[in-house]
Amino acid sequence: MNTVSIVVCGVGGQGVLTASDIISIIALKGGYDVKKSEVHGMSQRGGSVISEVRFGDKVYSPLITDGMADYILSFEKLEALRNLTRLKKGGAVISNDYEIKPASVLMGKFDYPLDIIERIKSTGVELTLVDGVGLALEAGNIRTVNTVLLAALARKLSFEKELWIKSTLERVPKKTHEVNRKAFELGYNL
Amino acid sequence: MKKVMMGNEAVARGAWEAGLHVATAYPGTPSSEILESISKYPEIYSEWCTNEKVALEVATGASFAGARALVAMKHVGLNVAADPLFSLSYIGATGGIVIVTADDPSMHSSQNEQDNRHYARAAKIPVLEPSDSEEARRFMKIALQMSEEFDTPVLLRLTTRISHTRTVVNTEERKEIPIKKYEKDFKKRVILPMNARTLHYKVEERTKKLREFANNFKENKIEMKSKDIGIITDSISYQYVKEVFPLASVLKIAMPWPFPYKLAREFASSVSRLLCIEENDPFIEGYIRQLGIEVEGKDKVPMVLELNPDRVARSFGVDYGDPVEVKVDDLPPRPPSLCPGCPHTGFFYIANKLKLIVTGDIGCYTLGALPPLNAIDTCVEMGASITNAHGIQLALRAEGNEDIKKVVGVIGDSTFFHSGITGLINTYYNGGIGTVVILDNRTTAMTGHQGHPGIGRTLMGTPGRKIDIPKFIKGIGIEHVYTVEPYDIERIEEVLKREIARDDISVVIVKGPCVLISEFERKAYFYVDEDKCNGCKLCLGVGCPAISMEGDYSRIDKYLCTGCSLCARVCPFDAIVQKEDK
Ligand SMILES: Cc1ncc(C[n+]2csc(CCOP(=O)(O)OP(=O)(O)O)c2C)c(N)n1
């Protein structure tokens with residue numbers, strides 16, 4: 001199989017690394033070679049966070065640079081746009097419909113762009129905007145946003161749905177299994 | 001068994017499989033997870049040391065006594081440990097000893113992008129460079145083996161993309177290696193000049209043997225494909241080369257020093273066009289040129305910042321990737337910042353207000369240099385705050401300048417133990433009058449909350465002895481030592497004004513836990529009473545990520561707010577109030 005490249009991005013503290021971990025474990029279970037890059041240290045203190053996952057028969061570069069990504073899974077709208085040039089023509093964006101204002105905006109130096117969606121759409125790529133918070137609340141716990149988003153990606157990839165659910169539940173507290181299962185269904189059946 | 005492992009975890013795994021006995025380190029991104037992973041293997045004794053020099057010396061002692069030892073650090077840590085490194089090269093290994101250096105091309109979390117392959121050449125010790133986690137595991141084992149076989153410390157060089165990339169690893173079981181019996185060896189381990197002279201001859205002999213070994217080392221690999229183009233590469237660059245040039249022949253260098261001249265010559269003569277693709281310095285390229293061979297390298301490949309498929313492709317005009325076209329260069333940046341409720345913020349707010357000359361140091365608190373706090377004038381390397389402050393005061397003293405009373409050195413608790421203490425003693429001894437501020441957040445926050453001597457918890461989870469910082473400083477003989485609460489900015493201002501005016505050295509400790517550790521207690525959140533807020537934006541001056549302007553008023557994100565009260569304390573209109581119940 002040709003290598004599939006996924007950029008997972010968001011803001012420090014949103015759970016980007018856990019999400020990309022789950023994807024990489026599923027790909028390994030699916031019998032593929034996998035590579036996954038992540039960022040630690042200075043870059044995590046509320047800054048932009050990117051993690052790249054690639055899987056296929058044989059994967060070389062762990063990094064996904066301009067025009068290499070098949071998918072962008074973003075936990076925040078501005079970060080989806082920031083990383084958009086990594087997407088190849090014909091790729092797809094799945095983004096949380098959620099804004100976190102960076103310090104540069106809070107301090108009034110920049111405006112949070114109002115045309116993010118238009119800009120993404122203008123490139124002709126497929127965009128799935130997910131009301132992560134709304135669906136997570138519907139599932140019964142705001143902290144299941146990441147599960148909703150992962151599920152929205154899962155339905156585009158070829159792995160078994162049950163494998164996704166199992167791998168996701170392994171990473172969350174036992175008593176939240178029921179709500180996470182529900183959250184997964186909501187994201188999967190968008 | 002197949003697992004997905006981070007490079008750092010794989011190094012730990014390899015060390016465990018190879019029967020490692022002792023592991024030491026001082027944390028530093030991107031190396032920190034090596035010791036954290038090792039600490040989970042009960043067969044290995046592991047400890048956080050106060051700094052890298054100490055860590056290497058402890059590991060050296062273990063090797064003297066016949067144990068297999070590993071020491072891990074980030075690239076700049078090796079500068080701190082360079083003194084024992086160069087001696088150890090002469091002394092060699094009894095139990096195998098491997099120094100793991102994690103370099104940081106692109107400076108994701110570092111002050112420079114030094115290329116530690118140079119240390120191998122300078123100290124005359126072999127260096128191995130894995131290109132993924134599986135190799136990190138295997139090379140760790142090879143390194144321990146080589147160390148004992150060639151009687152030399154071995155450098156294992158990772159980079160951020162090796163350390164922090166997860167790739168598939170085939171794990172094996174541990175093989176127990178007995179600790180050799182301790183034997184005194186004056187000629188080997190006491191490097192008096194008379195012994196060192198003999199030892200240096202031995203080092204040169206060793207290098208000859210290692211050079212032969214390099215030419216036949218099976219991890220230095222030729223992958224022959226098209227004869228039109230041949231690429232010599234190493235480390236993570238190998239992966240980008242395979243990605244961008246799938247048809248090229250490749251010489252993958254796993255051990256760049258001693259350089260496998262013979263192998264390189266053989267490879268170069270079998271291809272019509274030769275490229276050398278490596279990150280940062282032209283280390284391998286230099287050796288190819290020494291052979292008088294034409295090569296395309298750093299004339300095209302960037303020297304600054306890490307490589308990636310895009311940069312490798314563009315260096316040689318190759319089309320790679322088919323990106324969508326969209327404008328993104330006008331987006332608001334999202335740099336890291338101090339967390340809401342960070343105990344470092346209050347001091348910086350006051351330092352900025354008093355227009356102090358602040359020499360900084362390395363840690364989360366370096367972020368106090370950024371707007372809106374703008375409170376740090378210098379940052380050089382770990383420990384430099386106290387010593388730089390002393391030097392600035394010496395210069396200002398000569399000028400008879402009033403500014404001499406505005407100089408403050410600021411340092412974190414972990415950094416103080418790492419390399420602040422010697423500087424403080426120096427200032428005291430030489431009659432310096434500076435004020436030193438220690439930001440004691442009860443952890444090594446920047447690198448992921450490791451323990452240190454002020455905390456009293458060891459890496460292996462046993463209770464350790466705890467050093468009381470004020471008591472320690474008073475023990476030196478410094479009289480003026482004061483501890484203040486991190487959010488009580490009125491008191492911080494009062495104490496600082498008093499201490500900088502003093503004609504004597506003093507130390508102010510700002511003590512309160514990092515918001516990301518369990519000791520921190522979140523309090524009820526604050527909100528803005530719009531009837532009182534006049535939109536003056538003074539509260540934005542603390543630089544809290546929870547505060548923003550919403551129209552004419554400021555607004556506090558109640559989910560981000562930790563209830564620290566700093567913003568309420570700076571508001572002149574009492575417009576920021578705490579929610580009653582939690
Ligand atoms: C020689 C060296 N070793 C390690 C590091 C990595 N490093 C950067 S800051 C830091 C320690 C920070 O701890 P502390 O001084 O307590 O400040 P905090 O981050 O907790 O505010 C470390 C270990 C470095 N930059 N240089």
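How many salt bridges are there between chain B and chain A? In this predicted model, the count is eight. The contact between the two chains draws on 58 residues from chain B and 51 residues from chain A.

**Buried area**
- Together, chain B and chain A bury about 4700 Å², and 62% of this area lies on carbon and sulfur atoms.
- Within chain B, the residues that lose the most area to chain A are V324(B), P332(B) and R334(B), which together account for 18% of what that side buries.

**Salt bridges and polar contacts**
- R334(B) forms a salt bridge with E76(A), in which the closest N and O atoms are 3.2 Å apart.
- Across the interface of chain B and chain A, 19 residue pairs are in polar contact, with both residues at pLDDT 80 or more.

**The side of chain B that touches chain A**
- Strand 1 (2–6), strand 8 (165–170), helix 11 (237–244), helix 14 (309–315) and strand 19 (547–550) of chain B each supply at least two residues of this side.
- The residues of this side comprise 30 nonpolar, 12 polar and 16 charged.

**Strand pairing between the chains**
- Strand 2 (residues 33–37) of chain A is joined to strand 8 of chain B by three bridges, and these two strands run antiparallel.
- In strand 8 of chain B, R166(B) stands opposite K36(A).

Note on methods:
Residues are numbered from 1 along each chain as its sequence is written. Chains are lettered from A and ligands numbered from 1 in the order in which they are written. This is a predicted model: local features need pLDDT of at least 70, side-chain atom pairs count only at pLDDT 80 or more; totals for chains, interfaces and linings use all residues. Side-chain values use heavy atoms; hydrogens and water are left out. Contact means heavy atoms within 4.5 Å. Buried area is the accessible area (1.4 Å probe) that two parts lose on being put together, summed over both. A salt bridge is a side-chain nitrogen of Lys or Arg within 4 Å of a carboxyl oxygen of Asp or Glu. A polar contact is a pair of N or O atoms within 3.5 Å; within protein, one must be able to donate a hydrogen and the other to accept it, and residues adjacent in sequence count only if both atoms are side-chain atoms. Helices (H or I, at least four residues) and strands (E, at least two) are DSSP runs, numbered from the N terminus. Ala, Val, Leu, Ile, Met, Phe, Trp, Tyr, Cys and Pro count as nonpolar, Asp, Glu, Lys and Arg as charged, and the others, Gly among them, as polar. Two strands pair if DSSP finds at least two bridges between them.
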